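Subject: Structure handover

Hello,

Here is the structure I promised you. Please open it alongside this email and follow along.

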Amino acid sequence: MIRLEKRPQPSRAWTVATPLLAVALTMVAGGLMFALLGKDPVVAIRTIFWDPLFHEQFASYSRPQLLVKAGPLILIATGLSLGFRAGIWNIGAEGQYIMGALAGAGVALALYPLDAWFLFPLMVLAGALGGWAWAMIPAILKTRFRTNEILVSLLLVYVAEQVLASMALGLMKNPEGGGFPGSRNLQHYPAAANTELIAGTGMHWGVAAAFIAVIAAYVLLTRHILGFQIRLAGQSPRAARFAGVNPNALVVICLGLSGALAGLAGMFEVAGPAGRVNIGFNQGYGFTAIIVAFLGRLHPVGILLAGLLMALTYIGGELAQFMLGIPSAAIQAFQGMLLFFLLGVDVLSNYRIRLGRRRIA
Amino acid sequence: MNRRTLLASAAFALGLAGAAAAQDRVKVGFVYVGPIGDGGWTYEHDKGRLAVEAHFGDAVETVYQESVPEGADAERVMTQMALSGADLIFATSFGFMDPVINVAQKFPDVKFEHATGYKRADNVSTYSARFYEGRAVQGLIAGHMTESNIIGYIASYPIPEVVRGINSAFIHARKVNPDVQFKVIWAYTWFDPAKEADAATALIEQGADVILQHTDSTAPQAAAERAGNVYTFGQASDMIEYAPKPRISSIIDNWAPYYIERVQAVIDGTWESVDTWDGIAPGMVGIGEITEAVPAEVKAEAEALIAAMASGEYHPFTGPLNRQDGTPWLAEGEVADDGTLLGMNFYVEGLTGTVPQ
């Protein structure tokens, strides 16, 4: 007989070990799935986890790409984790990401072809503001009218997508684009382009910002009174009130911060890897970042690692698709398994497994 | 030498031959925007890929990647394909345009083929089909078949390719039925069965009894089947499983001959950057079987139209035609030039609503 016994406190050792265990279980279950599809499971797992890092043909390209893919995930997830810790659920980072990109690109397109040093910093500012403003809608509705921020922020994603489509087709459409939707390519506009800081490394300003955000979040959570209030509000809202935490202020701060970071991520993406404002510019970074935040245990360093791992499964998954002919749906299922096992083995950090009957004392 | 070792050494020799062949095999990559099982656009491109494999056998190796988002991800996918030794890469969606150009600059020895785009380079060709010829046939049949005089149109993105299709279908529906109206829903997707089904249902609720689609899934067909007396057309692929009703005909993209020709050019070393825009005549656009749900005289009229376009004696955009605001576009007997068609972002006279701006 197997019994679960609640631990008085989550086990520290298991909290660190469970993500690793989840990755291992995913490899086993995923390998089984690949074997059922008629692919060599060892080769498939190696292609996903090893080849992007060490394959002689690809690694020099895909290693930097790892940073490009992980950068926005880490940046957004870091912001989200602050709110999640305090029990404030911003599910709409995707929308804030879009609005940040639109604000940032909007500044560049409005001033085109101005060639000035201050253009890029201005875009950064606009990107953060755009995301922040979009996040303020659920924040104010929550503090004023007690609406549910989960619903409001999520639904605003779809509004943002419509705004994006309208911009790509109208206001921001490339006047030299022959009537096709989509803005000018910012990669070809040097003053506005978010280029690699060191050529061939994939390190662009967005990746740098992600690293800075991780460090800042770490300091905030461990050293700053606000970090203490965030953690306290999440663990015990009542205690937080007695400790003088203003819950409304916390909502505004957490949603604002996560919105600003998501907006920044969007701005860096549109000025860099994506290049253009276009319909379908958003590729779900805002939603994937939620997974990354939880995969990383809402801890800045954990998020850094989780973002890189997630990026690895994307890039390795692509390699596995065209090298081995594994269907893209199988890769998505593989990524899903990762989250599934992570949540599944979570039980180990909160519960102790006992064998045998409970003795009645 | 006993029989087993003989067999083993024969197998070994074959293996060697295979390995030698593998080295000078031409590697062809395909980048798809949807899943190969979409039953429409990507499905037909993948059929083209399989035709390449069947035609060349061991001389060619193909690889593909499905459901590639348009944008930065596409650029990475194509770069990785080029790094893996692909000699020729087909990028089969409009939104892959800028990524193709970027990657092509980095790999001058790799040939690229971009479907439905307008940017070329020394190692980038473009190709597309004159789907508007098929739309003319659909418009004619739809104009005859509708009883409510409302034809629904599930459009994808407001790009010239799609606008051209709407105009062509509308012109030919109006020709046979002056009372016909088009209701257009913009789905902003190439492939999203849920959205497409919603759009179809919304159009049916607004009274449409014929639905045309420029999206790739069979979801609208299924929605029409549920609704009953609604007719549809297969898009990009035959979608014959919904025949004889609701699907009464279809536009079939046939990429196989083009793909085989281009791969052959790479093998022969004669590949050059070209712009191909073929229609019904060379078979790039096919019209699927017109089913018995369509009256015989309508079917005959449609077949006459197909023959006229195939022989080149009729162009679907022949004047007199006005723009939506009433300003003249084509004079009596004048035929639209390709440049205007390629950049078409306006409706013709009679269509209601606006092209989203």
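Below is what I found, chain by chain. Keep in mind that this is a predicted model.

**Chain A**

Start with the overall make-up. Chain A has 15 helices and 2 strands. Along the principal axes, its C-alpha trace spans about 80 × 60 × 35 Å. A compact globule of 361 residues would have a radius of gyration near 21 Å, and chain A has 22 Å, so the two agree. Buried residues make up 49% of the chain. Now look at contacts in chain A with a sequence separation of 6 or more. Residues 24 or more positions apart account for 78% of them.

Next, pick out one residue, Gly256(A). Gly256(A) sits in helix 11 of chain A, which runs over residues 247-271. Is Gly256(A) buried or exposed? The cut-off for buried is 20 or more C-beta neighbours within 10 Å. Gly256(A) has 20 such neighbours, so it counts as buried. Leave aside residues up to four places away in sequence, and Gly256(A) touches Trp132(A), Ala135(A), Met136(A) and Ala139(A). Leu309(A) is another matter. It is 53 residues from Gly256(A) in sequence, and their C-alpha atoms are 27 Å apart.

**Chain B: overall**

Chain B has 11 helices and 14 strands. Its C-alpha atoms fill a box of roughly 85 × 45 × 40 Å along the principal axes. Buried residues make up 52% of chain B. Take the contacts in chain B between residues at least 6 apart in sequence: 65% of these join residues at least 24 apart.

**Chain B: two domains**

Chain B is divided into domain 1 (20-129) and domain 2 (131-254 + 284-342). Their C-alpha centres lie 29 Å apart. The contact between them takes 13 residues from domain 1 and 16 residues from domain 2. Which helix gives the most to the domain 1 side? That is helix 2 (residues 41-56), with 4 residues. By class, the domain 1 side has 6 nonpolar, 5 polar and 2 charged residues.

Helix 6 of chain B covers residues 160-176. It has 17 residues and reaches 25 Å from first C-alpha to last, close to the 24 Å expected. Of those 17 residues, 14 are buried, so helix 6 is largely enclosed by the rest of the structure.

Helix 10 of chain B covers residues 296-311. Its 16 residues should span 22 Å, and its end C-alpha atoms are 22 Å apart, which agrees. Which residues of helix 10 are buried? They are Ala302(B), Leu305(B), Ile306(B) and Met309(B). An α-helix has 3.6 residues a turn, so residues three or four places apart point the same way. The buried residues of helix 10 pack against helix 5 (131-145) and strand 12 (285-288) of chain B. On the other side of helix 10, the exposed residues are Ala296(B), Glu297(B), Ala300(B), Ala304(B), Ala307(B) and Ser311(B). Just after helix 10, Gly312(B) takes a positive phi of about 85°.

Best wishes

Methods. Residues are numbered from 1 along each chain as its sequence is written. Chains are lettered from A and ligands numbered from 1 in the order in which they are written. This is a predicted model: local features need pLDDT of at least 70, side-chain atom pairs count only at pLDDT 80 or more; totals for chains, interfaces and linings use all residues. The expected span of a helix is 1.5 Å times one less than its number of residues. A residue is buried if 20 or more other C-beta atoms lie within 10 Å of its own, exposed if 12 or fewer, and partly exposed in between; C-beta atoms are placed from the backbone. Domain bounds come from an automatic or database domain assignment. Two residues are in contact if their C-beta atoms, placed from the backbone, lie within 7 Å. Ala, Val, Leu, Ile, Met, Phe, Trp, Tyr, Cys and Pro count as nonpolar, Asp, Glu, Lys and Arg as charged, and the others, Gly among them, as polar. The radius of gyration is taken over C-alpha atoms; the globule rule is 2.2 Å times the number of residues to the power 0.38.
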